[in-house]
Amino acid sequence: MSTSPPHGPLCASTASVISTTPAAPAVSAGAADASRKPAPSLSPSLSPSLSPPLSPSPHRHWLRAGWLMTASGWSANQFSALLGAYRTDLGLTTATTTALLAVYVLGLIPGLLLGGPLADRRGRRPVVFTALAVSALATCLLMAGPAATWALWPGRFLTGLGAGALLTAGSVWIKELSTPPYGTAATPGAAARRAGLFLSAGFASGGLAAALIAQWAPHPMITAYLPHLALSATAALFAAHAPETSPARTAAHPTTARTPTTPASVPVPAPAPASGGSGAAFRRLVVPVAPWVFAAPTIAFATLPGLVDAHLDGWRTVYAGVATAVTPGAGLLVAPLARRLAARHRIATAATGLAAIALGLLVAALSVAHTQPAVALAAAALLGAGYGLCVAYGLTEVAALAPAHRLARLTARFWALCYLGFITPYAITLLAHAFSPPAILIGAAALAVLTLATVSYRGTRDSL
């Protein structure tokens with residue numbers, strides 16, 4: 001039995017969609033989130049020339065920029081709900097849709113790896129807005145697909161390129177806009193998780209909206225992409241007045257990046273550990289978890305629908321759209337749990353997320369064995385919850401580990417490792433020639449448990 005090919009998420013971000021050495025950083029992922037404090041007021045002793053260029057509500061800058069991550073998640077996932085329509089209406093084969101995935105990844109990887117360093121050197125704003133423009137151009141090319149099939153190839157490539165750059169630069173920008181001097185988030189982890197939440201919102205809504213439009217609207221492979229263009233324009237307007245936060249850019253232009261005084265009630269993060277220590281911690285505790293961030297949701301909405309929708313004639317597109325909404329939607333709902341787990345132990349969020357993924361894969365195997373779409377949606381919810389917890393853990397750890405001048409680079413590496421999970425549905429398709437899909441899913445659950453044991457052992461040993 002073949003499975004539906006994988007596709008763009010998922011980046012996230014991080015959505016952003018919504019972040020270890022034996023010595024943990026001073027501001028660890030396990031620090032509890034403080035409640036939001038009122039925006040700091042300026043001291044009367046400050047002269048007008050030193051007044052910071054902030055709006056009366058500086059803690060809202062991250063909210064303005066967050067919609068960029070939602071647009072990124074929307075662009076990445078809107079294509080997924082239309083795979084059935086492309087095969088039915090345009091006659092594309094499974095091999096062709098799989099190749100379109102490969103083209104997406106070919107654009108995604110350089111976007112991830114180049115977006116971070118460029119954001120560190122050139123600033124967050126120019127990279128983010130350029131990536132948003134590239135993403136909008138990609139959507140226009142996809143809209144031309146019904147008339148010119150060749151346009152799908154550059155469209156998918158540019159979708160990946162824009163999503164990759166926007167994930168890395170956007171995640172860092174939102175994190176920095178959330179913390180002093182631009183915002184009032186108490187810890188780097190609390191700030192970093194915001195990017196993942198906005199990204200997940202885009203993932204959840206983009207696929208569902210595209211599926212509903214494709215089911216009932218005329219010219220579905222054109223009209224289904226219109227909401228993304230509207231969202232991109234709106235997001236750009238919201239973020240237009242958000243300040244630049246890159247340390248390199250603010251140092252080069254001190255007159256446009258003044259720092260306001262920070263009240264004693266707002267904790268100031270301590271310096272991150274040296275790059276060597278943070279690199280070792282990243283490899284030990286983040287690298288094993290990162291591929292599961294997108295392996296879990298892509299199985300949920302790329303593999304499972306094609307295995308359980310045999311009796312859903314006429315409703316396959318809507319079902320696929322519901323699956324794409326349930327999966328990241330569950331990731332949004334576990335955000336409060338992620339905060340509580342992070343406050344208890346730095347590894348608790350990852351451990352719980354991997355356990356949810358393992359359980360979700362077992363439920364998925366059951367749904368496939370008995371061809372039960374409703375059970376598959378329950379599996380998708382579990383896999384989505386695992387995704388949400390793992391992405392929150394990864395972004396929190398990266399924010400706590402990376403020095404300010406390397407934050408975008410380390411964030412880019414994290415997202416690149418996450419996107420390795422996109423090959424999972426394709427691997428399942430290949431393995432299905434030798435093994436039954438339920439057996440493959442049970443094997444994947446065993447791998448998730450092995451990852452859980454490895455990370456738990458390393459995290460416990462490092463905390464001693």
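At roughly what angle do the axes of helix H12 and helix H15 cross? Select residues 316-333 for H12 and 373-401 for H15: their axes cross at roughly 35° and come within 6 Å. Helices here are DSSP runs (H or I, at least four residues), numbered from the N terminus, and axes are lines fitted to C-alpha atoms over the stretch in contact, with angles from 0 to 180 degrees between N-to-C directions.

A word on what you're viewing: this is a predicted model, where local features need pLDDT of at least 70, side-chain atom pairs count only at pLDDT 80 or more, and totals for chains, interfaces and linings use all residues. Residues are numbered from 1 along each chain as its sequence is written, and side-chain values use heavy atoms, leaving out hydrogens and water.

Now show side chains at the crossing. Tyr319, Val322 and Ala323 are among the H12 residues in contact (heavy atoms within 4.5 Å) with H15, whose side of the contact includes Ala380, Gly384 and Tyr387. The contact residues split into 13 nonpolar, four polar (Gly counts here) and no charged.

Next, pick Cys390. There are zero disulfides (cysteine sulfur pairs within 2.5 Å); for Cys390 the nearest cysteine sulfur belongs to Cys418, 8.9 Å away.

Last stop: H17, residues 424-431, where Pro425, Ile428 and Thr429 are buried. Look down the axis of H17: its buried residues fall within an arc of 100° (taken from the directions from axis to C-beta atoms), so they line one face of the helix.

Notes: Helices (H or I, at least four residues) and strands (E, at least two) are DSSP runs, numbered from the N terminus. Buried means under 20% relative accessible area, exposed over 50%, partly exposed in between (1.4 Å probe, protein chains only).
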